[in-house]
Amino acid sequence: MFPRGNPPERRPFMKHYETVCILNPDLADEEYQAALSKSREVIEKQKGIVVKVEEWGKQKLAYLVKKYDKGSYVVFNYCGDSGVSAELERTLGLDERYLKYMTVKLEEKADPEALLRQEQELKAGSAPSEEDTSETEQESETGNPATTEGEENG
């Protein structure tokens, strides 16, 4: 029984997740891209929104994982309900191309549209100008003299 018979509007907020994956380094480029596409499809089938996919390339692993000393790292940044991360992890666990994966919830209530806009601005080169970054670097370098190591207050 909604007022005037209208259902409540769906809130624009979703949970914001990041999943870091390590893929088999010996995959052909077509297999590698197919694995990424499959993961993207799983997120979208669960009504999630892929914010960005970062490919970090092949890296040496700290220890052997399934007898591999290297792996191809990929980071999926996405929004969705709690079921999207569970389904993605279930799918990754069944796919032999993935050696290891880990999901972290970044925010409980994130606006996916705002995150997508932010990513598009970064890609378009709307990052802070050099003047803005140099000012913050100078501020962080000076620090607070009262807390500098080796100085005595007095």
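Rings of Phe, Tyr and Trp (for Trp, the six-membered ring) are taken as a pair if their centres lie within 6.5 Å, and planes under 30 degrees apart make the pair stacked. Keep that in mind as you open this predicted model. By this rule, there are two aromatic pairs to visit.

**Stop 1: Y17 and Y78**

Select Y17 and Y78 and show their rings. This pair is stacked, with 5.6 Å from centre to centre and 25° between the planes. Now colour the strands: Y17 belongs to β1 and Y78 to β3, so the pair links parts that are 61 residues apart in sequence. Y17 has a relative accessible area of 6%, so Y17 is buried. Y78 is buried as well, because its relative accessibility is 0%.

**Stop 2: W56 and Y73**

Next, select W56 and Y73. Their ring centres are 6.3 Å apart and their planes meet at 20°, so this pair is stacked too. W56 sits in strand β2 (residues 49-65) and Y73 in strand β3, so here the pair ties together parts that are 17 residues apart in sequence. The surroundings of the two rings are worth a look. W56 is partly exposed, because its relative accessibility is 45%. Y73 is at 17%, so Y73 counts as buried.

**Stop 3: the largest nonpolar core**

Hide the surface and go inside. In soluble globular proteins, nonpolar side chains tend to be buried together. The largest nonpolar core here has 17 residues, and L23, I43, F76, Y78 and Y98 are the ones that touch the most other members. Two or more residues come from each of β1 (14-23), α1 (29-45), β3 (68-80) and α2 (82-94). Which element gives the most to this core? Select α1: with five residues, α1 is the top contributor.

**Stop 4: around Y98**

Stay in the core and centre the view on Y98, then show its neighbours. Leaving out residues up to four places away in sequence, Y98 touches C21, I22, L23, A35, L36, S39, K66, F76 and L92. Two of these contacts, L23 and F76, are also among the core residues that touch the most other members.

**Stop 5: a patch outside**

Bring the surface back and select M102, V104 and L106. Together these residues form a nonpolar patch on the surface, with about 260 Å² of accessible area. Then pick out V104, which lies in strand β4 (residues 98-110). Is V104 buried or partly exposed? Its relative accessibility is 36%, so V104 counts as partly exposed.

How values were computed:
Residues numbered from 1 in each chain as written. Predicted model: local features only at pLDDT ≥ 70, side-chain atom pairs only at ≥ 80, totals over all residues. Heavy atoms only, no water. Patch = residues over 30% accessible without salt bridge, like charges linked within 9 Å, V, L, I, M, F, W, Y side chains within 5 Å. Areas by Shrake-Rupley, 256 points an atom, 1.4 Å probe, with all protein chains shown as cover. Salt bridge = Lys/Arg side-chain N within 4 Å of Asp/Glu carboxyl O. Helix = DSSP H or I, 4+ residues; strand = E, 2+ residues; numbered from the N terminus. Buried < 20%, exposed > 50% of the residue type's maximum accessible area, 1.4 Å probe, protein only. Core = buried A, V, L, I, M, F, W, Y, C linked by side-chain atoms within 4.5 Å. Contact = heavy atoms within 4.5 Å. Phe/Tyr/Trp six-rings, centres within 6.5 Å; stacked < 30°, edge-to-face > 60°.
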